[in-house]
Amino acid sequence: MIVEGSHTFPGPRGVVWKMLLDPDVLAKTMPGASTITRVADDRYEGKMKVGVGPITAAEFEVTITLSDPVPPERYRMLIEGRGRFGFTRGNAAVTLAEDGAGTAMHYQADLQIGGKIAAVGQRLLDTVSKMMLRQGLEAMTREMERRLAEGTA
Amino acid sequence: MTGQRTIGVTVNGTRHERAVEPRLLLSDFLRHDLGLTGTHVGCEHGVCGACTVLLDGEAVRSCLVFAVQADGRAVDTVEGLAVSGVLHPLQQAFHQAHALQCGFCTPGILMTLVPFLREHPHAGEREIREALSGNLCRCTGYANIVAAVERLVQGAGELGSWGAGELEGQGADAPRGAAT
Amino acid sequence: MSAGRYVGQRVLRLEDAKLLTGRALFVDDVQLPGMLHVAFLRSDEAHATLRGIDASAARARPGVVAVYTAPDLGDYWRPGPLLVPPPPIPGLVFNTATQVPLARDKVRHCGEPLAMVVAESRYLAEDALEDIVVDLDPLPAVTGLEAALATGAPLVHEQFGSNLAAQVRQATGDYAAARAAAHRIIARRFHYDRGASAAIENRGVVAQWDERVDELTVWDTTQAPIPIRNGLAAMLGLRESQVRVIAPFIGGGFGPKIMMFYPEEVLLPWAAIRLGRPLKWIEDRRESFYATTQERGQIHDAELAVAKDGKILGVRDVFLHDTGAYDPYGLTVPINSQCTLLGPYVVPSYESEFTAVFTNKPIVTPVRGAGRQHGVFVMERLLDFAARELDLDRVEIRRRNYIPPDTFPYDHRILFQDFRPLIYDSGDYPAALEKAAEMIGYERFVREEQPRQRRAGRHVGLGIVSYIEGTGIGPYEGARVTVEPSGSVRLATGVGTQGQGHFTTFAQVVAEVLGVDVERVQVSTGDTREFGWGTGTFASRGAVVAGSACHAAAVKVREKIVTLAAEELECAPGDLELVCGRVRVKGSPEHGLSLGELAVKANPLRGAVTPGTEPGLEATAYFGPDRGNAASGVHAMIVEVDPETAQVEIKRYVVVHDCGTVINPMVVEAQVQGGVAHGIGNAFYEQLIFDESGQLMNASFMDYLLPTALDVPTVELAHIETPSPLNPLGTKGVGEAGAIPTGAAFAQAVEDALSGTGVEITEIPLSPGRLFELMAGSQGAGEPGSQGAGDSRSRRDGA
């Protein structure tokens, strides 16, 4: 499954970079995320719940490994998720470009989905992944707006 | 997960009380707890229709209903259709029209058609096919099932004798039997 | 056997009452005291190295009785048997890799079992599956047939050095000469994709070890209980007489319930003996999409060398066959494709070569039609394209190429799946074609109806195709007929039954011979305790082979009846007749005995019997045909295609069918109707969709669509009977027939409906989505009268 898209954040690139790599921000903004911990400089572990069609609230243990980071421009991620309803794994690339006062983010992920979630949730996977990503980015944007307003960004 | 709840369900006119897990499916309750294995399970996700039973007279997929949801209600299964060894007119029509082959989907189809024919005693081919479209059959190609129902609908005398709710007489509205 | 009181009659089924009232016993209905329930942990990966399994948490869960992984099986772990060895074709290459009970070192397809949990309930067993920790290291997967054969492709089985499972070439005549002499060469690439057998009853096994009598009883959703008994006895180190396999009522077979020795079939009996408690496993629907075998993935590069008058000079076909991760069923499917391609036609030269390919997908074994679909599709499509290029009528090109009715037996000079020469026994193909054309109103449709509809903006089309189905193969079946003192007749045979009506048709054969009411014949099938010799229900052979054995046994009993009655009634055997359950003197009906009375006399309690005689009115007989026989037919359908949505509606469906002598027309017609429904599913609705990592993406009935009552028309059917000389009944098989030519008819009809748009159909299934793509792709490619893309490809060299 290819997930690709763009999103514009209302703040400077350095702030976006920092927030995207902040486990607390990620845990707060990614839908279904219960915990996200940075276990090494380039490595995050977390738990996420995902609902896809007939499978409600499948819990995944997710590991994200960062690679080729070029702050504050781009980084790559190796994503591995595993749970009782299946697995996902793949690569993602994120680039950040200055866009006036804001930051334009472009992301592209190539994810392989397996197990029950692929077998019986296929029709909905695309929609669900897009929806979750949109919710996550919107939540992060709100968080950024809050921080910018509070001057804590 | 393993907490038990006691439920009382009237099945084919006989009341049964059992302690069940909340997650127990009605299909498994009928088959395993009550030994009524005429209700078959084909997909466990509500598509094939093999497990169709009547819940308070309406067709439901028993694989999508928890046994606890049937508490205090009436269930009719294929075992309740024939009375004293005499086939229900719908069963008879299926036999006459060769409307079954392996027979695995048949109980669910019968239980789908019983309330349908009660409400559509003069159904035409298109309506019959629509009514059947929620039940999968891999053997027959449906033609003889449709023919069986058409035969029954056209034989008005036969239909008149049971279309008015004979089944309910044996099931939902019947005097409650002793708890077993 | 000619029509009589029962044979050839529409006898209503004797098995219906049980099935209609919910009293029939299916495997899942077996309830035994102390029974435990089994669930299997299956691989989420299509291809991976298995590094380890930790089942300790599952074992500790309350209610769990045992958990087994491959190492726990000890010596019992071994790959399953090769069920069908390759036929003796010169130069044949065959690499055997059969499925294993539980994966040990690596997994080769999604759903391959990794561990077996035994618990007090199925609910608990499934809970425990989640406690098991599996360390699978994913490997790149192969799913595409051509990609699998490419250099450097990941290997499903390392020991072979490639993914080649088999390579077989069969040829007859001089194709090169035919090609050189041809007026046109019609060459195309054809695709046929995978579907599920999708019996509404999933598979299931119940196993019980009775230590009081040292006997194992296995209830199994199998089409072949006797081979399963024999195999289990050998694997478990038991005598065959210690193992009883019962195939009770089976909720549809369609091929994959054959004697597969599926992991579950092999493991439950083993564990039941170890644990000393009965075990039950019932497949759920999602499991079925992985754990039950599938069929139909092939890619053909075929060409037809044709003369100016439309006569076939030769055919060359090179194809790839997807055998999935293992090939336990040998080459039956691709050899069927190879042989069935020849159809009812005179094909003076034929070159056919196939390569079977291992992929990281579930195992392929026969599913209703068993490879025959592909052959029919390729040949019929080639003829359609040839007709178009030669400006010949579709019906006419077939007519010109049929094997004439006076040339039987007709030898195609290649080997069939039963290792016997492909020789057709009987048939009248022109008659079937004329009948079908007349029934569907071919001439009127082509000349009037279609142009009129087209002027009104409606896209209607007609398809009309022929096929042969090789049926009724050996080796043999048997039957035992017993007249009981009650006068009822007991008939036991070894084949399993999955809805074909055997309880009735076999009874008809016996009732006819013995002159008893058909209701008095009680049939037992599929219980090795009742009858222990035979192979099973497959290859459309039940009525032909087992039916003939029933006939032979009944004839022997009849001889016993007549011999004994002649003594009792003091008359010549030739003066006796069997009528209404009595044997009586012709012309003197009051002078006779009931068969029940005679059965008592045949089993005396005192006194001497004549040396050399046997007690009772009982006989066992066997029948093995010399070779398979050739059922045949013509399917014709009219469709309407909505050019906006690519939805196809089937308006009419006509079948003219020849299965030789018809024992019960009602049953035969219903078999054909059901087969057509299956064929329509294959053609338009059903496709197993795998992603490139081998994940099945539509493993539920929500996404894998079976045709419903709204999708399948009522077939208009006519019979032609050319009795087979190969068995005493004169019958040929019918079980798979309906499903075989449907794709070819559908493709021709849809293409006809879209004529002028340039759409050319060379693939099945053809979902609305795919048809829409084809229509969009050909937009502007052809104006009415043009052949569009077809022209440019038709002269290219073949594969």
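## Helix packing and a chain contact in a predicted model

H11(C) and H12(C) run roughly antiparallel to each other, because their angle of about 165° lies over the cut-off of 145 degrees. Keep in mind as you look that this is a predicted model. In chain C, helix H11 covers residues 394–401 and helix H12 covers residues 429–440, and their axes are 10 Å apart. The crossing of the pair H11(C) and H12(C) is left-handed.

Which residues make the contact? From H11(C) come Val395(C), Arg398(C) and Arg399(C), and they meet Pro430(C), Leu433(C) and Ala437(C) of H12(C). Four residues of this contact are nonpolar, two are charged and none is polar.

Now to the meeting of chains A and C. Here 12 residues of chain A are in contact with 12 residues of chain C. On the side of chain A, these elements each give two or more residues:

| Element of chain A | Residues |
|---|---|
| Strand E6(A) | 86–99 |
| Strand E7(A) | 102–114 |
| Helix H3(A) | 116–150 |

H3(A) gives the largest share of that side, with five residues. The side of chain A that touches chain C holds five nonpolar, five polar and two charged residues.

Finally, a word on confidence in chain B. Its mean pLDDT is 88, with 85% of the residues of chain B at 70 or more. Over residues 159–180 of chain B, however, pLDDT stays under 50, although the model has 42 contacts there beyond four places in sequence. Where pLDDT is low, predicted coordinates should not be read in detail.

How values were computed
Residues numbered from 1 in each chain as written. Chains lettered and ligands numbered in written order. Predicted model: local features only at pLDDT ≥ 70, side-chain atom pairs only at ≥ 80, totals over all residues. Axes fitted to C-alpha atoms, helices over the stretch in contact; angles between N-to-C directions. Helix = DSSP H or I, 4+ residues; strand = E, 2+ residues; numbered from the N terminus. Parallel < 35°, antiparallel > 145°, perpendicular 65-115°, else oblique. Left-handed = near helix turned anticlockwise from the far one by under 90°. Contact = placed C-beta atoms within 7 Å. Nonpolar A, V, L, I, M, F, W, Y, C, P; charged D, E, K, R; others polar. pLDDT = per-residue confidence, 0-100.
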